[in-house]
Protein chains: 4
Amino acid sequence: MPTNREIAAFEAGIKLGALYHQFVGAPVSPKTAASMEQAIQESISLQPYVQSVQVKIDRKMLEENAFGYGELQGKMIFAQVEIDYKGEVIRARLEYDLDRDYPMMRLL
Amino acid sequence: MPTNREIAAFEAGIKLGALYHQFVGAPVSPKTAASMEQAIQESISLQPYVQSVQVKIDRKMLEENAFGYGELQGKMIFAQVEIDYKGEVIRARLEYDLDRDYPMMRLL
Amino acid sequence: MPTNREIAAFEAGIKLGALYHQFVGAPVSPKTAASMEQAIQESISLQPYVQSVQVKIDRKMLEENAFGYGELQGKMIFAQVEIDYKGEVIRARLEYDLDRDYPMMRLL
Amino acid sequence: MPTNREIAAFEAGIKLGALYHQFVGAPVSPKTAASMEQAIQESISLQPYVQSVQVKIDRKMLEENAFGYGELQGKMIFAQVEIDYKGEVIRARLEYDLDRDYPMMRLL
């Protein structure tokens, strides 16, 4: 039987995996990043056991293509979720790891 | 060689296909539908040759699951895009077709 | 500090969240379900700490629309992942919960 | 009223937009590229008026991250669709444009 803390960690993973794979690929620019951040936050906040979601898109990484916009990539996303499963509180983060050049997800 | 009007129609199709397959599956509820609509509009507006994008999520179709939220489905989305390719203006729409029970995309 | 078992549970959650939100919305039919299952399995198997992934799409739930095909929905997917994080092995499952009418993800 | 040829062009756009935004972001590697190509081809082939779909993922562009795999990006995808709408046949292509560093979609 998993512990409540393991379940909370599992739920945190679901949220970050969902957030990433739902929204990566969406067109985005410095002007539209704020509305994308808010939509992602509100959307993922609906999922079970979520206490809070913060999302920040790195404007500096947003490269403009030949048509003047960019695309949401995993490495541009900072996201932190807080899960409360039966009193067990877990926080997890998606954050670009420069050394590995990888959008790292981890428990805090 | 395609005509400019055919290219405009092609571009309109790209936008509706993108909009649909990028965002379908996202958690959504009556409370968060407005931020999702705005994010989709602003995101798709960035793509080439777009003059305007309107998106409306049908709140009445948003069924709450056991955890009190829903998921964006194609049939809930009304979307209209206006494309201008070298002066050729094309409008296209995604709208639920009740008779066919299908999220229909068509040129206006 | 999270335990290795909590990290394994977190990683399992990531995989199921990713699988769901990457592929839900894709056109699918009884004839194409097998290639979709295989692509999802192989794709998610690439992610860190995955030992195995099994995916089964419920053909009976695949309703044909007016154009003779369907769309992948969460409730059609049975998926099981096995994670090994530093020797801690965790299995998790996505499976339709009929009572709640919800595509339930849980640790086994 | 749009011509049948404009509608065929519109339908071609839908398919390429769908293909791109459904599958970009999926984990992929040289070993799994073939099953992803097949799943995408079969999936998009189901959509209305499609005569054929060819998909090729550029293995040379597939960079391995710190965990030994990559992610499907638009610029890696070569895709060609053939649409037949009431006898009007249109072919369209998604192909990386090196000069613009952009995954270009165009009518042939």
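1. In this predicted model, chain A is built from 2 helices and 6 strands. Followed along the sequence, the elements of chain A come in the pattern α-β-α-β-β-β-β-β, and its C-alpha atoms fill a box of roughly 55 × 30 × 15 Å when that box is taken along the principal axes.

2. Next, the relation between the copies. Two copies of a chain are related by a rotation about an axis and a shift along it. For chains A and C, a rotation of 180° with 0.0 Å of shift along its axis superposes chain A on chain C, and the RMSD is 0.0 Å. The two copies are thus related as by a two-fold rotation axis. Because 100% of the interface residues of chain A are also interface residues in chain C, these copies meet through the same surface.

3. For chains D and B, the superposition of chain D on chain B is given by a rotation of 180° with 0.0 Å of shift along the axis, with an RMSD of 0.0 Å. Here, 100% of the interface residues of chain D are also interface residues in chain B, so these copies, too, meet through the same surface.

4. Turning to the sheet of chain C, one finds an open sheet of 4 strands in the order β2-β4-β5-β6, with antiparallel pairing. Strands β2 (50-57) and β6 (102-107) of chain C stand at the edges and have a single partner strand each, so one side of each is left without a neighbour in the sheet. From one strand to the next, the twist averages 10°.

5. Within that sheet, strand β5 (residues 88-97) of chain C runs antiparallel to β6(C), and 6 bridges join the two. One detail of this part of the sheet that can be checked by eye is that Arg93(C) stands opposite Arg106(C), a residue of β6(C).

6. What is the order of the strands in the open sheet of chain B? The 4 strands of this sheet are arranged as β2-β4-β5-β6, with antiparallel pairing. In chain B the edges are held by β2 (50-57) and β6 (102-107), each with a single partner strand, so one side of each is left without a neighbour in the sheet. The twist in this sheet averages 10° from one strand to the next.

7. Strand β5 (residues 88-97) of chain B is joined to β6(B) by 6 bridges, and the two run antiparallel; Glu95(B) has Met104(B) in β6(B) as its bridge partner. Helix α1(B) lies across β2, β4 (77-85), β5 and β6 of chain B, running at about 35° to β5(B).

8. A search of the whole structure finds 1 cavity of 30 Å³ or more, and the largest cavity has a volume of about 50 Å³. Its lining is made up of His21, Gln22 and Val24 from each of chains A, B, C and D. Two or more residues of this lining come from each of the following elements: α1 of chain A, α1 (4-23) of chain B, α1 (4-23) of chain C and α1 (4-23) of chain D. By class, the lining of the largest cavity has 4 nonpolar and 8 polar residues, with no charged residues.

Notes. Residues are numbered from 1 along each chain as its sequence is written. Chains are lettered from A and ligands numbered from 1 in the order in which they are written. This is a predicted model: local features need pLDDT of at least 70, side-chain atom pairs count only at pLDDT 80 or more; totals for chains, interfaces and linings use all residues. Side-chain values use heavy atoms; hydrogens and water are left out. Copies are superposed by least squares on the C-alpha atoms of residues with pLDDT of at least 70 in both. Contact means heavy atoms within 4.5 Å. Two strands pair if DSSP finds at least two bridges between them. Axes are lines fitted to C-alpha atoms, for helices over the stretch in contact, and angles run from 0 to 180 degrees between N-to-C directions. On a 1 Å grid over the protein atoms alone, a cavity is a set of points where a 1.4 Å probe fits but cannot get out, and a pocket is an open set with protein on both sides within 12 Å along at least five of seven lines; lining residues have an atom within 4 Å of a point. Grid points are joined across faces, edges and corners, and a volume is the space filled by probe spheres set on the points. Ala, Val, Leu, Ile, Met, Phe, Trp, Tyr, Cys and Pro count as nonpolar, Asp, Glu, Lys and Arg as charged, and the others, Gly among them, as polar.
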